[in-house]
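Good morning, and thank you for making time for this presentation.

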Amino acid sequence: MEKQSRLLCSELCVQRRLYEVTLNCAILAWKDIQIAKKHTGRAIYGAVKAGSSCVPVCEIIAVQEKDDDTPCKNTGKWQKVPQSPADPCQHAFTVFYVERTRQHCWWCSNVTFHCSDHSLCLLWVQTIREQLALLNSERRVNYYHTFANRPKSLLVYINPYGGKQRGKQIYDHKVAPIFSRASISTDVIVTERANHARDHLKTEADLKKYDGVVCVGGDGMFSEIMHGLVSRTQQEAGVDENSMEETLMPCGLRIGIIPAGSTDCICYATVGSNDPVTSALHIIVGDSQAMDICSVHNEDRFLRYSVSLLGYGFYGDVLTDSERKRWMGPARYDISGVKTFLSHRYYEGTVSFLPAEGNLGSPRDKMQCRTGCSVCRQSSSDKLVSKNEDSVSDAECQDTWTVIRGKFLAINAASMSCACPRSPKGLSPSAHLADGTTDLILVRKCSRLDFLRHLLRHTNKDDQFDHSFVEVYRVKQFRFSPRYQECDSEVDLRESGVTGKRFLSQICREHRACGCMPSQSNWNCDGEILPHTAIQVRVHCQLIKLFARGIEEQQVFEDPYAHCAI
């Protein structure tokens with residue numbers, strides 16, 4: 001590790017104790033001089049040496065000079081006597097920085113340094129601010145992660161109805177003060193209807209004014225933002241979204257997620273937590289995490305984009321049933337899940353897919369996607385190389401497609417782990433965020449008990465694919481065709497006699513004994529029902545970027561003095 005040269009080094013007071021404070025272009029560090037003398041030559045077992053602390057410059061939120069002449073509010077408690085003019089530590093400045101807590105959560109912490117010389121205080125404040133300004137003009141590597149430019153202006157959309165309807169409250173009380181401290185300007189729009197944010201991004205928003213777009217809500221709100229931003233990018237680039245053969249253009253603006261919904265799967269999989277303050281801090285420090293997007297088509301018509309889960313069969317039926325119970329809130333998913341499990345429906349169809357080739361790993365290799373993932377970095381390099389080389393078109397690789405026919409309880413395509421608090425590993429624990437693939441999971445017809453065993457493995461550490469009726473493949477494209485093609489109009493349904501059969505199926509509650517079992521399910525696309533069953537899906541590698549860094553595997557710094565010259 002190359003050592004960095006010092007920018008500043010002074011003896012300053014922290015809580016009336018003398019510290020040696022050192023700043024270089026990578027780290028701000030301070031160590032207690034008295035404790036350091038007692039433990040000279042001895043390293044205490046732990047993350048840092050005794051009496052020492054440090055913070056990466058790239059994780060400093062702000063620095064401000066402390067005004068000790070500001071009168072304290074009378075709180076009815078004993079107050080400290082103000083420092084006299086003769087006090088050698090009357091001048092001070094405060095550094096606000098990221099502090100890691102449990103379960104991948106971050107917190108905005110601070111430390112105040114006191115010094116006797118006002119000019120020295122100003123020098124520290126100015127130098128730290130200069131280092132923070134450099135973060136806006138260049139990319140920097142912090143040992144395990146690459147930071148992009150810090151945002152200075154953000155467009156924020158708040159969904160006031162999602163989850164527990166606390167989106168505006170969460171933003172006003174927890175997020176806005178941190179943005180203000182970091183000198184980030186924001187334009188806030190509170191959405192008034194479904195797809196308000198999507199439509200505004202596609203047509204009205206002046207995106208050149210902003211460094212990023214932030215959504216305050218759940219996965220549905222994120223989907224709106226993502227659809228609006230991707231569609232706007234393709235429209236400006238002249239790309240036809242209805243064509244499966246088109247290569248989509250990546251979006252220039254990063255997306256931030258402040259979790260405030262019923263489900264926060266995207267945030268949980270990219271940050272490791274659904275804490276609003278943690279997400280806000282990732283936005284402030286300028287994290288950048290690329291993500292794949294799947295485009296879903298029916299013949300020559302574009303339907304939707306997907307970033308997490310495409311589910312047919314079990315998860316499609318759960319969503320369809322839960323939509324009729326929205327008045328119940330998040331509990332509707334549990335009730336609909338139990339009802340769908342007891343119905344134990346299976347569906348016949350054909351799945352064909354184009355397997356992923358190259359060094360992209362396997363869904364069962366137990367290589368989880370984490371900060372600085374080697375698989376995603378390799379995919380990024382391959383993507384750059386493919387721009388300069390003539391690649392073989394998909395039409396020339398038709399013989400590599402694999403075709404599977406059968407009866408399925410569930411067909412799932414996971415573009416990420418889909419982890420959440422209830423399922424810490426997710427549907428596909430080894431799925432990657434930015435490798436240009438999706439994990440196709442086929443659950444064939446089996447007994448109700450076997451299917452229950454499979455579902456329970458989503459909540460424990462056992463291999464959920466270790467069943468004879470479960471198959472999993474890492475793919476770049478796939479298609480699905482139901483055994484019976486859907487009818488396009490009510491007239492066709494009446495002529496074919498299906499309408500009467502569906503009416504009877506409601507009376508007998510779709511019992512298999514009646515012979516009225518529906519021949520088709522619905523596709524669950526990131527929590528939205530698709531209007532068609534026969535679909536074609538293509539993965540677009542690293543189409544968008546989030547203000548995130550993936551889930552951190554370990555603490556970034558084990559010993560601050562091993563990484564800087566002090």
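Predicted model: local features only at pLDDT ≥ 70, side-chain atom pairs only at ≥ 80, totals over all residues.

Let us begin with Tyr-305, which is buried, with a relative accessible area of 0%. Tyr-305 is found in strand β15, which covers residues 301–306.

What is Tyr-305 in contact with, leaving aside its neighbours within four places in sequence? The contacts include Met-226, His-227, Val-230, Ser-231 and Gln-234, and also Glu-241 and Leu-248. Further along the chain, Ile-293, Cys-294, Ser-295, Cys-525 and Asp-526 are in contact with Tyr-305 as well.

A pair of aromatic rings is described by the distance of the centres and the angle of the planes. By the rule applied here, the count for this structure comes to 15 aromatic pairs. In one of them, the ring centres of Phe-302 and Tyr-305 are 4.5 Å apart with the planes at 50°, so the pair is tilted. Phe-302 is buried, with a relative accessible area of 17%, because buried means under 20%.

Another tilted pair is formed by Tyr-312 and Phe-480, at 4.6 Å centre to centre and 50° between the planes. Which parts of the chain does this pair link? Tyr-312 is in strand β16, residues 309–313, and Phe-480 is in strand β20, residues 470–482, so that the pair links distant parts of the chain, 168 residues apart. Both partners are shielded: Tyr-312 counts as buried at 2% relative accessibility, and Phe-480 is buried at 1%.

Elsewhere, Trp-30, Phe-93, Tyr-97, Phe-113 and Trp-124 form one aromatic cluster. Two arginines are also placed over rings. The charged end of Arg-181 sits over the ring of Phe-96, 4.0 Å from its centre. Arg-479 lies over the face of Trp-401, at 4.0 Å from the ring centre.

I turn now to the nonpolar cores. How many residues does the largest nonpolar core have? It has 63 residues, and those with the most contacts inside it are Tyr-157, Phe-222, Met-226 and Ile-544. Helix α5, residues 219–237, gives the most to this core, with 6 residues. The core draws at least three residues from domain 2 (146–288 + 547–555) and at least three from domain 3 (292–381 + 399–542).

Beyond its neighbours within four places in sequence, Ile-544 is in contact with Phe-222, Met-226 and Val-230, with Cys-251 and Ile-255, and with Gln-289, Ala-290, Met-291 and Ile-293. A second, separate core has 27 residues, including Ile-61, Tyr-171, Val-216 and Ala-260.

Ile-293 leads us to a glycine. Gly-436 and Ile-293 are 143 residues apart in sequence, yet 8.3 Å apart in space, C-alpha to C-alpha. Gly-436 has its place in the loop between β18 (402–414) and β19 (438–444). Is Gly-436 buried or exposed? Gly-436 is buried, with a relative accessible area of 7%. Not counting residues up to four places away in sequence, Gly-436 touches Asp-292, Lys-476, Val-539 and Cys-541.

Next, a remark on the backbone. Most residues other than glycine have a negative phi. His-104 is not a glycine, but it has a positive phi of about 65°. His-104 is found in the loop between β6 (91–100) and β7 (106–115), and it is partly exposed, with a relative accessible area of 33%. Glu-299, likewise not a glycine, has a positive phi of about 55°. Glu-299 lies in the loop between β14 (289–298) and β15, and it is exposed, with a relative accessible area of 61%.

Let me finish with the chain as a whole. Its secondary structure comes to 13 helices and 23 strands. Of its 566 residues, 52% count as buried. Among contacts with a separation of 6 or more, 76% are between residues 24 or more positions apart. The accessible surface comes to about 28,200 Å², and 49% of that belongs to carbon and sulfur atoms.

Thank you for your attention.

Notes: Residues numbered from 1 in each chain as written. Heavy atoms only, no water. Core = buried A, V, L, I, M, F, W, Y, C linked by side-chain atoms within 4.5 Å. Buried < 20%, exposed > 50% of the residue type's maximum accessible area, 1.4 Å probe, protein only. Helix = DSSP H or I, 4+ residues; strand = E, 2+ residues; numbered from the N terminus. Domains from an automatic or database assignment. Contact = heavy atoms within 4.5 Å. Areas by Shrake-Rupley, 256 points an atom, 1.4 Å probe, with all protein chains shown as cover. Phe/Tyr/Trp six-rings, centres within 6.5 Å; stacked < 30°, edge-to-face > 60°. Lys NZ or Arg CZ within 6 Å of the ring centre and 35° of its normal.
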